[in-house]
Amino acid sequence: MALVPDHKAFPAEPPTDLDDADTIVRTDWAAYARLDRLVNHWDRPGWDSRTRRLYWMLTFDGHHQLADRAAQCQRALQHMGLDLTPPEGLHLTILRIGDTADVPARVVDALTRRVHALRPGRLALSAHPLSGSRGAVRFSITPWTGLVHLHQQLTSSGRALGLPGGTSTGRWRPHLGIGYNPVDRPARPLIEAVEPLRALAPVPLDVETLDLVELRRHGRQYRWRTLQRVALS
């Protein structure tokens, strides 16, 4: 599956090599370093305290090295006014399924059975400090090929059941946020604070499961309830 340019995605131009870590990290940073202004991550139409949405996500309970690296970066940025992600909130969003009101429990069960049968394989990933987007500070994730393949499989499974789904695979960009920007402001001070953290070593992530969650906002944090957990192999 080829990724395509999309001005709504970040970065808008996908990396030229989905498996080369240097290329992915360099592409992420180049896009972030060019930003003039940051936006309020929480200013998103369609979300309020009552919203409940179903997503496929990778979560990282027990990945202590990831939590430690995130905390190290967060300490270095604590003066920048970000809404920092707690260890239990670290996640990599794969795909929106739909609002809970639009997806009956029987369809959730049918979707889970389909995805159980896929067995796409464990993911050997790395989380590279540090980069960002218009509204967040985040790790770059490498490699992308396995993630893109998983996204495409999940999209096809949802469409087979008539689910609305989310971002098309070609316009998707994997990332793992550690803090959200809560105000509109100039980008340069935060970019300059983030840049020294790029020298930190990447963290290996051996991912064996995929979660179907009910996601909500609690204040300025994301919280979720895990409805189904699917083995990747």
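This is a predicted model: local features need pLDDT of at least 70, side-chain atom pairs count only at pLDDT 80 or more; totals for chains, interfaces and linings use all residues.
**Entry on S156.** I recorded S156 as partly exposed because its relative accessibility is 45%; buried means under 20% relative accessible area, exposed over 50%, and partly exposed in between, with a 1.4 Å probe and protein chains only. I also looked up V115, which is 41 residues from S156 in sequence and 10.0 Å from it in space, C-alpha to C-alpha.

**Entry on the helix pair.** I found that α3 and α4 pack at about 145 degrees with axes 10 Å apart, the axes being lines fitted to C-alpha atoms, for helices over the stretch in contact, and the angles running from 0 to 180 degrees between N-to-C directions. For the residues that meet, I listed L111, R114, V115 and L118 from α3 against Q153, L154, S157, G158 and A160 from α4, contact meaning heavy atoms within 4.5 Å.

**Entry on the sheet.** I traced an open sheet of four strands in the order β4-β2-β10-β11, with antiparallel pairing; two strands pair if DSSP finds at least two bridges between them. Its edge strands, each pairing on one side only, are β4 (91-99) and β11 (222-231), and the twist from one strand to the next averages 30 degrees. Helix α3 (residues 105-118) packs on this sheet, where it touches β2, β4, β10 (209-217) and β11, and its direction makes about 50 degrees with that of β11. Helix α4 (residues 145-160) lies across β2, β4 and β10 and runs at about 15 degrees to β4. Between β2 (residues 53-59) and β4 I noted seven bridges, and the partner of L54 in β4 is G98.

**Entry on D211.** Is D211 buried or exposed? I read D211 as buried, with a relative accessible area of 1%, and placed it in strand β10. Its side chain makes a polar contact of 2.7 Å with that of R229, a polar contact being a pair of N or O atoms within 3.5 Å, where within protein one must be able to donate a hydrogen and the other to accept it, and residues adjacent in sequence count only if both atoms are side-chain atoms. Leaving out residues up to four places away in sequence, D211 touches Y55, W56, M57, T59, T226, Q228 and R229.

**Entry on the cores.** In the largest nonpolar core, of 58 residues, I found that Y32, W56, L58, L77, I94 and L205 touch the most other members; such a core is a set of buried Ala, Val, Leu, Ile, Met, Phe, Trp, Tyr and Cys residues joined through side-chain atoms within 4.5 Å. Apart from it lies another core of ten residues, including W47, M57, Y180 and W224.

**Entry on the backbone.** I noted a cis peptide bond from P129 to L130, with omega near -15 degrees, and L130 is in strand β5 (residues 123-132). R119, in the loop between α3 and β5, has a positive phi near 50 degrees although it is a residue other than glycine.

Terms used:
Residues are numbered from 1 along each chain as its sequence is written. Side-chain values use heavy atoms; hydrogens and water are left out. Helices (H or I, at least four residues) and strands (E, at least two) are DSSP runs, numbered from the N terminus.
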